[in-house]
Amino acid sequence: MHDLENLIAEWRRSMREKMSRDQIAEVEDHLRERIAVLLRQELNVRAAFDEAVHEFGSGHAVAGEFHKLNSKWWWPLKLGIAFEVAAFVCGLLLWIRLSDPQFGFLLGAHVFAITVGYMAALIIGLLGVAFVTQRSMADFPEHKAEHIAAQLANFSIFAFTATLIGLVLAAAWAKGAWGHLALTDAKNFGAMATLVWTLGLVTAHRSGAVSPLGIIKFAILSGIVVSFAWLGANSWSVGKNLYSWPLWIIALPHALALAVSFAPPGWAARHRANAA
Amino acid sequence: MKLDKELVAASSAPMVLAILAEGDSYGYAIIQRVRELSGGKIEWTDGMLYPVLHWLEEQGQIRGRWEKAGLARRRRYYALAPKGRTALREHRNQWETVTAALNQLWRPQHA
């Protein structure tokens with residue numbers, strides 16, 4: 001049996017690049033059951049394992065079929081990308097508007113980068129909210145959750161990079177305009193919190209230690225973090241460059257979605273069916 | 001006699017739905033049931049069942065859930081969803097139409 005565990009572990013490793021964790025677990029259960037039958041037919045462990053893998057068919061072909069299923073784009077993701085493109089255009093317009101002798105090139109570039117970065121982080125949170133809502137209304141296929149978690153990690157890399165560029169540009173501008181860095185500014189803390197959070201999400205995903213639903217919860221929290229980063233300073237009237245926009249409009253739906261994410265899938269649909 | 005690949009592919013979704021209409025099941029057991037029902041004439045490559053199951057799940061026709069199987073193993077069970085029951089009725093009507101037409105053509109006077 002020790003040999004079988006080694007063979008299965010080796011097979012699992014070879015599949016890791018091709019299939020998701022849940023897909024591997026499902027196929028592994030199939031292989032183990034088939035191997036048990038073959039062992040009862042007097043085959044040795046190695047022969048039974050080889051026969052079960054052969055009968056299962058090419059892992060590459062099966063992974064290709066799974067990939068076809070996953071390659072369809074989730075519609076909220078398309079909407080999220082559209083919003084990000086809109087943020088990019090708005091950021092460019094702000095850059096042009098602010099790149100005058102009074103504010104300078106650096107401030108315009110900072111506003112552009114930070115708008116694009118914060119918007120990406122906010123979209124990550126909204127995608128998490130969309131997932132939780134859809135999952136409440138109907139049983140959401142688990143392999144989709146894994147695919148969506150991977151997309152959220154990609155979005156996080158983008159959000160992290162744009163926010164980091166925005167933060168560096170803000171520091172350069174503050175040094176030039178005020179003669180010192182605005183390290184203790186509330187908005188600076190917000191940007192750093194966004195950086196830490198987005199990097200945390202990517203690390204959690206890459207480590208493989210957090211489940212897809214865990215990554216999605218992480219994403220919802222990213223919406224809350226960025227709403228504090230973007231609008232918190234305004235809501236509490238601390239820091240510089242305040243503009244009015246209520247923080248809670250963004251943070252509250254995210255907090256609600258986070259609470260709902262702990263409910264079982266399809267709970268709202270079942271509740272509605274019971275009520276009818 | 002082995003069935004054509006195309007026919008096997010076309011019958012895979014109604015076959016899975018019909019098996020799940022008998023009760024919840026999982027991949028390996030579904031394949032065994034297909035072999036048993038066809039007397040071994042329908043030969044599925046084991047691995048090709050799983051993308052079909054996931055596709056049906058994505059369509060909302062079946063529902064998957066994980067259950068413990070032994071000490072450290074997980075097994076994914078599938079159940080027919082209401083949408084799958086409707087799809088199965090539709091499949092059944094279509095297959096019955098095709099077989100009825102072919103049966104008429106293959107009666108002795110047509111042979």
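Which residues in α2(B) meet α3(B), and which residues of α3(B) do they meet? In this predicted model, the α2(B) side of the contact is made by B:Gly27, B:Tyr28, B:Ile30, B:Ile31 and B:Arg35. Across from them, α3(B) brings in B:Asp46, B:Leu49, B:Tyr50 and B:Leu53.

Now for the way the two helices are laid out. Helix α2 of chain B covers residues 27–38, and helix α3 of chain B covers residues 46–58. Their axes come within 10 Å and cross at roughly 115°. Angles from 65 to 115 degrees count as roughly perpendicular, so α2(B) is roughly perpendicular to α3(B). As for handedness, α2(B) goes past α3(B) in a right-handed crossing.

Stepping back to chain B as a whole, there are four helices and three strands to find. Walking along the sequence, they turn up in the pattern α-β-α-α-β-β-α. Chain B has 111 residues, and 40% of them count as buried. Take the contacts in chain B between residues at least 6 apart in sequence: 48% of these join residues at least 24 apart.

What about the nonpolar cores? In soluble globular proteins, nonpolar side chains tend to be buried together. Here, the largest nonpolar core has 42 residues. Among those with the most contacts inside this core are A:Met19 and A:Ile35 from chain A, along with B:Val16, B:Trp44 and B:Ile62 from chain B. B:Ile30 and B:Leu53 are on that list too, and both also take part in the contact of α2(B) with α3(B). Helix α1 of chain B, residues 5–22, supplies the largest share of this core, with seven residues.

A:Ile35 is worth a look of its own. Leaving aside residues up to four places away in sequence, A:Ile35 touches A:Leu4, A:Ile8, A:Ala48, A:Phe49 and A:Ala52. There is also a second, separate core of 40 residues, which includes A:Trp74, A:Met119, A:Leu122 and A:Leu201.

One last stop is A:Thr133, which sits in helix α6 of chain A, residues 104–137. Is A:Thr133 buried or partly exposed? Its relative accessible area is 43%, and buried means under 20% while exposed means over 50%, so A:Thr133 counts as partly exposed. A:Thr133 and A:Pro265 are 132 residues apart along the chain, yet their C-alpha atoms are separated by 9.6 Å.

Definitions and conventions: Residues are numbered from 1 along each chain as its sequence is written. Chains are lettered from A and ligands numbered from 1 in the order in which they are written. This is a predicted model: local features need pLDDT of at least 70, side-chain atom pairs count only at pLDDT 80 or more; totals for chains, interfaces and linings use all residues. Side-chain values use heavy atoms; hydrogens and water are left out. Axes are lines fitted to C-alpha atoms, for helices over the stretch in contact, and angles run from 0 to 180 degrees between N-to-C directions. Angles under 35 degrees count as roughly parallel, over 145 as roughly antiparallel, 65 to 115 as roughly perpendicular and the rest as oblique. A crossing is left-handed if the near helix is turned anticlockwise from the far one by less than a right angle, and right-handed if clockwise. Contact means heavy atoms within 4.5 Å. A nonpolar core is a set of buried Ala, Val, Leu, Ile, Met, Phe, Trp, Tyr and Cys residues joined through side-chain atoms within 4.5 Å. Buried means under 20% relative accessible area, exposed over 50%, partly exposed in between (1.4 Å probe, protein chains only).
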